[in-house]
Amino acid sequence: MGRLTNLSFGARAVAVVATVAAAGSATGFSLAAATSSNGSGSGNSGAAAGAPSQPVIGSSGLPASPTNDTTAKFSYTDSRPQVSFVCSLDTAAFTSCPSSGISYSGLGNATHSFRVEAQSGKGPTSTPATYTWTVANQPFTISGTFTAPLAPGSPAEPLDLSITNPYSFTMKVMSVSVALDSTSKAGCVVGDNYRVSQYTGAAFTVPANSTKTLGQLGVTPLPKVWMLDLPTNQDVCQGAGVKFIYSGSAQNQ
Amino acid sequence: MSKIKNMKLRYKIGVGVATAGALAGVAGGAFAYWTAAGSGTGSATTGSSSPMTLIQDTTLSSTQLVPGVAAQTIMGHQYNAAGTTEYVGAVTPSITAVTETPAAIALWGDPNYATDAGKPQGSAGTYYCSTADYTLVPSSDAGDETVGPNATQATSSSNDFSLGTIVFKDLSGNQDACKGASLTLSFSS
């Protein structure tokens, strides 16, 4: 949950819901993934008679969506001078917010919604202007266990990695790599006895909030693992566990 | 723990469409460029010794192990008693025993008794037939053989593979102690 800064508290008048005709035009914005709304924010089905026009959220400095940034700053204006503003983040109640703008920090990994309403004096509030964006700053997860027999001279077998997309949007995986880390037995040197081949294919997508194996995604060639057949005795590696380190990078589509 | 990095923002301003009766006015657009790192760990387990058996298919005749005859290839296949698929790496053959005929033992001594003295000097500096009379060479084509769990690899031209080669050395000394001798071969991988 985000934390409000520069917030001055004040009473918020209860808007009287009424159906009105269009109150005029306004300037606004939208983002490719983020959404903004003039006149369709939750909590109000319309502005009361005499309410200020819907405020406009400034486009400068808006958080992208998705974004790694856990902070957000909003500015807003209204066509009617001398109005005050009330703001809300996600499900929080509307509270007074400075006309100079408001900042939030410590935002969690989620889709957030910022709403601002204009108010003249203690009169009714306007229709809210809304901006929705997604914070995604945690890493995605790569996992996988190599289950094929691993013995000296064993053929290279595929390692079908699983990719978990924790985000609420489709993730485009740009790279995946497998590194040999260590073995569980002293004397069985991982770099001397084992080899991996890397995934060298094109970028691929993983649906939102899902876990898919490379095989399920039709991604080839899969990374492969094998054990070398050395002229020296490799008995020390019998039963040894081999640890892999996975890494990758992704971006939004 | 990996972390998110290199976030870049690019804004692209466009022109929206005002809809009659609505409050939507000029709209803009922007593209967000977001990156994330992925991480994780995994594991594999190296197999332990399993009761894989190499079965020798080639039986060498007495005419194949005589001085001056080229090396003979020993073919074989596998039996896998393990519950998992197993592989055979490079095979190393060796001679674990040389058994002379009774007549040769009487004449040249028993290779199983190194102190069997009083016999004429045999080949390779011994009084009897020994492993020194033979040369074994590991196979170069083994190492990628696979057998499923609890299965015997069928004997066929495609499954059989070389376990190595053996040749009887043509030494300058008397090698008569090796006439009719039996060799016990073993293979390890």
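Two rings of Phe, Tyr or Trp (its six-membered ring) count as a pair if their centres lie within 6.5 Å. Keep that rule at hand for these exercises on a predicted model.

**Exercise 1.** Find how many aromatic pairs the rule gives over all chains, then classify the pair of Y167(A) and F169(A).

*Solution.* Start with the count: there are 14 aromatic pairs over all chains. Next, take Y167(A) and F169(A), whose centres are 5.3 Å apart with 10° between the planes. Planes under 30 degrees apart count as stacked, so this pair is stacked.

**Exercise 2.** Classify the pair of Y167(A) and W34(B), and work out whether each residue is buried or exposed.

*Solution.* Here the centres are 4.8 Å apart and the planes make an angle of 80°. Over 60 degrees is edge-to-face, so that is the label for Y167(A) and W34(B). Now locate the partners: Y167(A) is in the loop between strands 13 and 14 of chain A, and W34(B) is in the loop between strands 2 and 3 of chain B, so the pair crosses between chains. Finally, buried means under 20% relative accessible area. Y167(A), at 2%, is therefore buried, and W34(B), at 0%, is buried too.

**Exercise 3.** Explain why strand 10 of chain A is largely enclosed by the rest of the structure.

*Solution.* In a regular strand, side chains alternate between the two faces of the sheet. Check one side: A129(A), Y131(A), W133(A) and V135(A) are buried. Seven of the seven residues are buried, so strand 10 of chain A is largely enclosed. Its antiparallel partner, strand 9 of chain A, pairs with strand 10 over seven bridges, and R115(A) stands opposite T130(A).

Note on methods: Residues numbered from 1 in each chain as written. Chains lettered and ligands numbered in written order. Predicted model: local features only at pLDDT ≥ 70, side-chain atom pairs only at ≥ 80, totals over all residues. Heavy atoms only, no water. Buried < 20%, exposed > 50% of the residue type's maximum accessible area, 1.4 Å probe, protein only. Helix = DSSP H or I, 4+ residues; strand = E, 2+ residues; numbered from the N terminus. Pairing = 2+ DSSP bridges.
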